[in-house]
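Visitor: I would like to learn how to read a model like this one. Where do we begin?

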2 protein chains.
Amino acid sequence: MKKILVTGARGFLGRYCIPLLLKEGLEIHSLSRHAASVEKGIIFHTVDLFERDTLRLKLQEIRPHYLLHCAWLTTPGIFWNHPDNLSWLKATLELLQAFGEAGGERALGIGSCAEYDWSMGGICREKATPLLPATVYGQSKLAAAQVFSAFSKLYGFSAAWGRLFFPYGIGEPADKFISAIIRGVRRREAVECSHGRQVRDFMYIEDVAEAIVTLLMSSATGAYNVASGQSFSLRDIVGEITSKIGGEALIKFGSKAEQAGEPQTLIADVGALFEEISWRPRIDLPSGIGRMIEVLCSADAVCAIPTRV
Amino acid sequence: MKKILVTGARGFLGRYCIPLLLKEGLEIHSLSRHAASVEKGIIFHTVDLFERDTLRLKLQEIRPHYLLHCAWLTTPGIFWNHPDNLSWLKATLELLQAFGEAGGERALGIGSCAEYDWSMGGICREKATPLLPATVYGQSKLAAAQVFSAFSKLYGFSAAWGRLFFPYGIGEPADKFISAIIRGVRRREAVECSHGRQVRDFMYIEDVAEAIVTLLMSSATGAYNVASGQSFSLRDIVGEITSKIGGEALIKFGSKAEQAGEPQTLIADVGALFEEISWRPRIDLPSGIGRMIEVLCSADAVCAIPTRV
């Protein structure tokens, strides 16, 4: 039975990957600062990812074939320019070295559309759009991508990098765009928005997890955009929500300023993911939003948006 | 008097930058694993760049305004895919953090044309050529560039990154291309070469140092190609040497294989350096090669190529 080490196994993306990895027949290991435990099919080891020596010893003990590195600073609002991004870069460096030393065979890291030059606007292409991140988060992720490639070359393991765009779904932090809109409308509160004409590639988190696990189980190397290939304006998304639960009048477009440096259009070329990896999303925007509404608007959830599924 | 910390002050590039920095009126500090000393205008402190805690304390003590980070693994032949590149990345991360914490104002790091995607061929442009390094060296340098940008944003200092192409000159390692040709011809030995049709941007090291110091003293931020804007085939360069000291018949073009992954053409767009920084090289290829020949072919230097000036 092959082993996989999943970091961030309890995070938004990690949680959705676990059932798919179990289906692949993998023995799942993860790291936690808390006591060792076995939970929902995951063997948790007591290791602080920021403590290099214990991390290396633990990887020598586990000897994972696969690595899926989801853990990173993701706190909405603060992660863009927080110094902890550099601590995560350092931890990623130690983790990849430990994985290589322990004989690992295949690693996948989670990147971001924030690695691209947003001033170019439009569609991000892996091999053509300049990499010129404007945020500490994007810079640290781009550096981490290089760390994956470098250790892959040094230790001879195979490595890929999945650049996420706009994942959404049940379990996302309560102040993410779609959750915040649904919650506001449900509570009949006024919802402040920017102009809403920004165009983005949103993809349901179950699809994101499936794409990531498919990419991991393939032999593809290098960076791949992980996105739906569909573009939606934020107004489209709000319209999809209000068409289901009403509240159009509550949405105050233009009452909030746009974020500085935010591009008009930020979407993905998914040619490589679709053609080379032969993967397609299953859950379209109306279905994904429908699922979120079902959970967020259930009788007992009015004021209690779940942050864990 | 403003202070500058120069890493790699005794290296090929560092040595040429020192007189220019003294001319700028800067007090020059450097780090060394050996005993503290003052040498050729440089105040050396006993600090191992790989020991984070002593490094931070020392920077708190020096409190440099400027940082010029030249130190890196550069041993010819082995540096392309050596694991120490990652140690240098880690050291760079600690150095930039220590510089920011110590109130540093302006930093410049040394990058490389190896950060670009060489499979694209042709001319490398800062804002258009994809960054897709094929070597551990290039990957680590690209990651280090991100570390510069990220800490610059976090601590509010200004940072630039100079991507070098093919510096050459007196004091370069004896097995670099131009030194090896001159030495072989001088000794009347057969000199093995590849086909020699590769086109490169070679720039004399005094010009490289001047460009780097000019960029450092400017307020420009981000990545700049640091190159001459002139293209030469390796055959042109050999021709320039043999036109001066003879030995055409000793050069065996095609007797050595090309290096794997080596692009046909690897030259720089220098528009940004020339226009934004208003800098131009002074020493053309015949003059630069002339200077090298003068030193390498002096009576007592036949078998003793200096590796230190």
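Guide: Begin with contact, which means heavy atoms within 4.5 Å. Leaving aside neighbours within four places in sequence, Glu240(A) is in contact with Pro286(A) and Ile289(A). This is a predicted model: local features need pLDDT of at least 70, side-chain atom pairs count only at pLDDT 80 or more, and totals for chains, interfaces and linings use all residues. Residues are numbered from 1 along each chain as its sequence is written, chains are lettered from A and ligands numbered from 1 in the order in which they are written, and side-chain values use heavy atoms, with hydrogens and water left out.

Visitor: Where is the place of Glu240(A)? Does Glu240(A) count as buried or exposed?

Guide: Helices (H or I, at least four residues) and strands (E, at least two) are DSSP runs, numbered from the N terminus. Glu240(A) sits in helix 7 (residues 234-245) of chain A. Buried means under 20% relative accessible area, exposed over 50%, and partly exposed in between (1.4 Å probe, protein chains only). Glu240(A) counts as buried because its relative accessibility is 19%.

Visitor: And Ser278(B): buried or exposed?

Guide: Ser278(B) is exposed, since its relative accessible area is 59%. Ser278(B) lies in the loop between helix 8 (271-276) and helix 9 (285-296) of chain B. From Ser278(B) to Ser149(B) is 129 residues in sequence and 23 Å in space, C-alpha to C-alpha.

Visitor: Now the strands. What does strand 8 of chain B pair with?

Guide: Two strands pair if DSSP finds at least two bridges between them. Strand 8 (residues 158-164) of chain B is mostly covered, with 6 of its 7 residues buried. Strand 6 (residues 106-112) of chain B pairs with strand 8 in the parallel sense over 7 bridges. Here Gly109(B) stands opposite Trp161(B) of strand 8. Strand 13 (residues 222-226) of chain B also pairs with strand 8 in the parallel sense, over 5 bridges. Arg163(B) has Asn225(B), in strand 13, as its bridge partner.

Visitor: Why is strand 1 of chain B called largely enclosed?

Guide: Strand 1 (residues 3-7) of chain B is largely enclosed by the rest of the structure because 4 of its 5 residues are buried. Strand 1 runs parallel to strand 2 (residues 27-32) of chain B, and 4 bridges join them. Leu5(B) has His29(B) of strand 2 as its bridge partner.

Visitor: Which strands form an open sheet in chain B?

Guide: An open sheet of 4 strands has the order 7-16-11-14, with mixed pairing. Its edge strands are strand 7 (123-124) and strand 14 (232-233) of chain B, each pairing on one side only. Within that order, strand 11 (residues 199-200) and strand 16 (residues 265-268) of chain B pair in the parallel sense over 2 bridges. Arg200(B) has Leu266(B), in strand 16, as its bridge partner.

Visitor: How do chain B and chain A meet?

Guide: Start with the totals. 29 residues of chain B are in contact with 29 residues of chain A. Buried area is the accessible area (1.4 Å probe) that two parts lose on being put together, summed over both. Chain B and chain A bury about 2,300 Å² between them, 70% of it on carbon and sulfur atoms. There are 2 salt bridges between chain B and chain A. Lys90(B) and Glu94(A) form a salt bridge (3.1 Å, N to O). Lys90(B) and Glu94(A) are also linked with Arg52(A) and Asp53(A) in a network of salt bridges.

Notes
Salt bridge = Lys/Arg side-chain N within 4 Å of Asp/Glu carboxyl O.
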